[in-house]
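Me: I have a model open and want to learn how to read it. Please take me through some features, one at a time.

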Amino acid sequence: MTPSRLFERIEAKRDALVATTADLVRFATVNPPGADYEPCARYIGERMAGLGFAVDYIRAKGAPGDGDRHPRINVVARRAGAAPGPTVHINGHIDVVAAGEGWTVPPFAGLVRDGRVWGRGTADMKGGIAAAMIALEALIEVGGPLPGTLELSGTADEESGGFGGVGHLARLGLFDPGRVDHVLIPEPLGVDRVCLGHRGVWWAEVEITGRIGHGSMPFLGVSAIRGMGDFLALLETELLPRLAERTTRMPCVPEGARAATLNLNSLHGGLAETDDAGLPAPLVADRCRLVLDRRWLVEESPDSVRAEVVELLERVKAKRAGLDWRMRDLMSFPPTMTDPEAPVVAALDHWIHRVLGRPSRHVASPGTYDQKHLARFGGALACVAYGPGDLEQAHQPDEHVEIDDLVASAKVLAATVATLIGVDWTADAETREGTS
Ligand SMILES: [Zn+2]
């Protein structure tokens, strides 16, 4: 096989790639609640079965949101090659966020216009799944007997944490080292960018507790809201400036994500005004709750991230008698960063340059995606995100993907997979000589 033959085959499948993207968009796999996963998974599975893949449908029973009405169905397709070799797994999430307001095109029609496919999920990330399907199809058609093993999965719930999707498959052992060697996730990072990983995430609920008292005599109670005020002031004057100074070697985009960050997600204090007239219960608030979203860097440790919040809470407690605090972890995933020298990165770099005529750029994501579920395997599993579409399109009205980008990324994916499984490339020039 020559690169040119592979790329010509993909060019010939341009319309099929557009149609596959549009077909996938027409499954309104909106999450929440997690609708239409099964027909979307079956569409992918049937296409892969037609290419000689063994196909499994795996329901994440008991995952958040799973039930008979909205079963968390994942599809995993596997095709063992003619000779032993590495296993390459391409994973895409089949769920999309709700359409929301502000669309000028129908969000689930798969409209094709102006060189683009339009609709919810075209960029994030059904275009990427379609590009991967066409890439594998072309590779199988022109590659002859292939070494190694090809895998493609379409998974649920990435937009809600991935516990019913990649998280579930990882727990079942599908990504265990020795079973899979390289993982590609065609998220919409752009056709010339390789995403090595993402920052860590820690969601926590902090509760300040005080002592209830009559609102007319606040001196008899201990206000949890005032205690929270002290805590917020310490975050503002001490922790946030410190985090802004703490930068990472990870190539995070946008630039602001090169530092550790903290978002104050929500704040609830005192009793709600449930009275019809909106009048308050005249009480000193004995509880105030804050949800934190801390994004941390490979240079930090989960213990230090937690400890610097605890230290501030202890100072708040020491300042006022009767105040206390407690903390509850809501979610935590470490940062992941695949070695920029890993074969999967080198192969992508090579083929991006060849297909697009410009060097690739390495980036890291400010937020987590399904790669986080593979972090448990440490450096044993090389995983990157690479796919068509523009991240800024994700979750926006009038989401779309450029057809040229779909085609380019399918070429890059096909050639990268071929290189990773150990295809013996014949140089284009040699073939021309051989046939003349
Ligand atoms: Zn996505």
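Me: Where is Val 298 found?

Reply: Keep in mind that this is a predicted model. Val 298 is in the loop between strand S11 (287-296) and helix H7 (302-319).

Me: Now the whole protein. How many helices and strands are there?

Reply: The protein has 10 helices and 16 strands. Its C-alpha atoms fill a box of roughly 95 × 45 × 40 Å along the principal axes. Of the 436 residues, 46% are buried.

Me: What share of the contacts join residues at least 24 apart?

Reply: Start from contacts between residues at least 6 apart in sequence. Of these, 82% join residues at least 24 apart.

Me: Next, helix length. How far apart are the end C-alpha atoms of helix H2?

Reply: Compare the span with what the residue count predicts. Helix H2 (residues 14-26) has 13 residues, so at 1.5 Å a residue it should span 18 Å; its end C-alpha atoms are 19 Å apart, which agrees.

Me: Which residues of H2 are buried?

Reply: Leu 17, Val 18, Thr 20, Thr 21, Ala 22, Leu 24 and Val 25. Then look at the cover. It includes helix H3 (37-49), strands S4 (111-113), S5 (116-118) and S16 (400-402), helix H4 (122-142) and H9.

Me: How do I read helix packing? At what angle do H8 and H9 pack?

Reply: Read the angle, then the axis distance, then the contact. Helix H8 (residues 343-356) packs on helix H9 (residues 403-421) at about 140°, with the axes 9 Å apart. The two helices are therefore oblique to each other. Their crossing is right-handed. H8 contributes Pro 343, Val 344, Ala 347, Leu 348, Trp 351, Ile 352, Val 355 and Leu 356 to the contact, and H9 contributes Ala 408, Lys 411, Val 412, Ala 415, Thr 416, Thr 419 and Leu 420. By class, the residues in this H8 and H9 contact are 12 nonpolar, 2 polar and 1 charged.

Me: Let me try another pair. At what angle do H1 and H4 pack?

Reply: Helix H1 (residues 3-12) and H4 pack at about 130°, again reading the axis distance, which is 9 Å. H1 and H4 are therefore oblique. The crossing of H1 and H4 is right-handed. The contact uses Arg 5, Leu 6, Arg 9 and Ile 10 of H1, and Ile 134, Ala 135, Ala 138, Leu 139, Glu 141 and Val 142 of H4. The contact of H1 with H4 holds 7 nonpolar residues, no polar ones and 3 charged ones.

Me: Backbone next. Which residues does a cis peptide bond with omega of about 15° join?

Reply: Check omega for each peptide bond. The bond between Pro 32 and Pro 33 is cis, with omega about 15°. Pro 33 is in the loop between H2 and H3. The bond from Val 253 to Pro 254 is also a cis case, with omega near -5°. Pro 254 lies in the loop between helix H6 (224-245) and strand S10 (261-269).

Me: And phi: what value does Asp 157 have?

Reply: Look for positive phi in residues that are not glycine. Asp 157 has phi near 70°. It lies in the loop between strand S6 (147-155) and helix H5 (166-171). His 395 also has a positive phi, about 70°. His 395 is in the loop between strand S15 (382-387) and S16.

Me: Why does Asp 157 count as buried?

Reply: Because it has 28 C-beta neighbours inside 10 Å. His 395 has 15 inside 10 Å, so it counts as partly exposed.

Definitions and conventions
Residues are numbered from 1 along each chain as its sequence is written. This is a predicted model: local features need pLDDT of at least 70, side-chain atom pairs count only at pLDDT 80 or more; totals for chains, interfaces and linings use all residues. Axes are lines fitted to C-alpha atoms, for helices over the stretch in contact, and angles run from 0 to 180 degrees between N-to-C directions. Helices (H or I, at least four residues) and strands (E, at least two) are DSSP runs, numbered from the N terminus. Angles under 35 degrees count as roughly parallel, over 145 as roughly antiparallel, 65 to 115 as roughly perpendicular and the rest as oblique. A crossing is left-handed if the near helix is turned anticlockwise from the far one by less than a right angle, and right-handed if clockwise. Two residues are in contact if their C-beta atoms, placed from the backbone, lie within 7 Å. Ala, Val, Leu, Ile, Met, Phe, Trp, Tyr, Cys and Pro count as nonpolar, Asp, Glu, Lys and Arg as charged, and the others, Gly among them, as polar. The expected span of a helix is 1.5 Å times one less than its number of residues. A residue is buried if 20 or more other C-beta atoms lie within 10 Å of its own, exposed if 12 or fewer, and partly exposed in between; C-beta atoms are placed from the backbone.
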